[in-house]
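The entries follow the order in which I checked them.

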Amino acid sequence: MPNPRPPPNPPNAVTDLAAALRTVPDFPSPGVQFKDLTPVLADPALFAALLDRLAAPWTGGDVTHVVGVEARGYWFGAALAARLGAGFVPARKPGKLPGPTLREAYALEYGQDALELHAADLPTSARVLVHDDVIATGGTAAAACRLVEAAGATVVGVSFAVEIAFLDGRSALPVGVPVEAAITV
Ligand code: AMP
């Protein structure tokens, strides 16, 4: 019997992931086009496809730890670490980790925020992939990179599920460190 129709596109097609990404206008504040990845998380095939895309650039490399940024950087960051055979170290908002911690402050549009991590979880020999869900201006990921360097470890790459290209957040990240995004909008 002839093959009735060609197989559907595999779920790792960039278009499927981009189509599942939900853009919510004016959330959480007026003027923000919020990139909502919960539809990708909720769909087993898309979740796996996104992890495939996140892991591909670093597979076979020498990443020993993924540092994920609170809170949405945990959604894919810990799973990504498991895919890479690496450890996972959370970069948390102030006061959430029992310590001792290192802290790195960064500027927001209005005011300041900070990230902390347990330096004891990151050996100085660690080769770290920093991960967050979305890069906008790059300030958050840049702070996470500084935190890793303050711990004496090395940032070998920076990974995002979504890059908002027109904001050019990449330019805020350390020069010469590879940056990869699974979805570019
Ligand atoms: P930035 O420091 O400007 O690169 O902002 C990145 C951080 O803020 C990440 O932790 C994101 O989760 C969050 N973020 C910023 N802009 C957006 C957006 N448009 N949609 C979803 N998350 C965002």
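Predicted model: local features only at pLDDT ≥ 70, side-chain atom pairs only at ≥ 80, totals over all residues.

I took the pair of Tyr-74 and Phe-88. The ring centres lie 5.9 Å apart and the planes stand at 90°, so I noted this pair as edge-to-face. An angle over 60 degrees is what edge-to-face requires. I then checked where the partners sit. Tyr-74 belongs to helix α4 and Phe-88 to strand β4 (residues 87–91), so the pair ties together parts 14 residues apart in sequence. Tyr-74 is partly exposed at 23% relative accessibility. Phe-88 is partly exposed as well, at 28%.

Next I took Trp-75 and Phe-76. Their ring centres are 6.5 Å apart with planes at 85°, so this pair is also edge-to-face. Is Phe-76 buried or exposed? I found it buried, with a relative accessible area of 0%. Trp-75 is partly exposed at 29%. I also noted a cluster: ring pairs link Phe-47, Trp-75 and Phe-76.

I then turned to Glu-70. I located this residue in the loop between β3 (65–69) and α4 (73–84). Its relative accessible area is 13%, so Glu-70 counts as buried, the cut-off being under 20%. Which side chain does the side chain of Glu-70 meet in a polar contact? I found Lys-96, at 3.3 Å. Leaving out residues up to four places away in sequence, I listed the residues Glu-70 touches: Ala-91, Arg-92, Lys-93 and Lys-96.

Terms used
Residues numbered from 1 in each chain as written. Heavy atoms only, no water. Helix = DSSP H or I, 4+ residues; strand = E, 2+ residues; numbered from the N terminus. Buried < 20%, exposed > 50% of the residue type's maximum accessible area, 1.4 Å probe, protein only. Polar contact = N/O pair within 3.5 Å; in protein donor to acceptor, adjacent residues only side chain to side chain. Contact = heavy atoms within 4.5 Å. Phe/Tyr/Trp six-rings, centres within 6.5 Å; stacked < 30°, edge-to-face > 60°.
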